[in-house]
Amino acid sequence: MQDLAALTEEHLAKARVASHGRSAQLIVHDGALRQSVIALTSDSELDEHNAPPSASLQVLRGRVRLTSNSGNKELRAGELCEIPKERHGLLALEDSAVLLTAVTAVE
């Protein structure tokens, strides 16, 4: 069992001292299913990257912008959205932590 509140605090603390302003941990790995906690300091970002076949993003703390060619979405703590099936990036608008859930291969 994972304590998301504790992981959020732990990775926000690590991100604040990391030179790149990020910290992450894979917390569930079950076949094609992956869940990760990702913390980003304000103005830090995950550069644009390809989308997995299926994924969602839940904001645990803070505020982020999910960027893609089809449009940007701002998300706040407690909000959940599907990740677009296209290249996308993530920008922290303030110190933030998210839970990324992804299916890496469709069976």
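Q: What makes β2 stand out in the lining of the largest pocket?
A: In this predicted model, β2 gives four residues to that lining, which is the largest share. A residue counts as lining when it has an atom within 4 Å of a pocket point, and β2 (33-40), β3 (45-49), β8 (88-92) and β9 (96-103) each supply at least two such residues.

Q: Which residues lie nearest the centre of the largest pocket, and how many residues line it?
A: The lining comprises 15 residues, and Ile38, His49, Ile83, His88 and Leu100 are the ones nearest the centre. The space in this largest pocket comes to about 200 Å³.

Q: Why is the protein called as compact as a globular protein of its length?
A: The protein has one helix and nine strands, in the order α-β-β-β-β-β-β-β-β-β along the sequence. Its radius of gyration is 13 Å, close to the 13 Å that the globule rule gives for 107 residues, so the protein is as compact as a globular protein of that length.

Q: How many of the residues are called buried, and on what ground?
A: Buried residues make up 36% of the 107 residues, the criterion being a relative accessible area under 20%.

Q: What share of the contacts with a separation of 6 or more joins residues 24 or more positions apart?
A: Such pairs account for 63% of those contacts, where a contact requires heavy atoms within 4.5 Å.

Technical notes:
Residues are numbered from 1 along each chain as its sequence is written. This is a predicted model: local features need pLDDT of at least 70, side-chain atom pairs count only at pLDDT 80 or more; totals for chains, interfaces and linings use all residues. Side-chain values use heavy atoms; hydrogens and water are left out. On a 1 Å grid over the protein atoms alone, a cavity is a set of points where a 1.4 Å probe fits but cannot get out, and a pocket is an open set with protein on both sides within 12 Å along at least five of seven lines; lining residues have an atom within 4 Å of a point. Grid points are joined across faces, edges and corners, and a volume is the space filled by probe spheres set on the points. The radius of gyration is taken over C-alpha atoms; the globule rule is 2.2 Å times the number of residues to the power 0.38. Buried means under 20% relative accessible area, exposed over 50%, partly exposed in between (1.4 Å probe, protein chains only).
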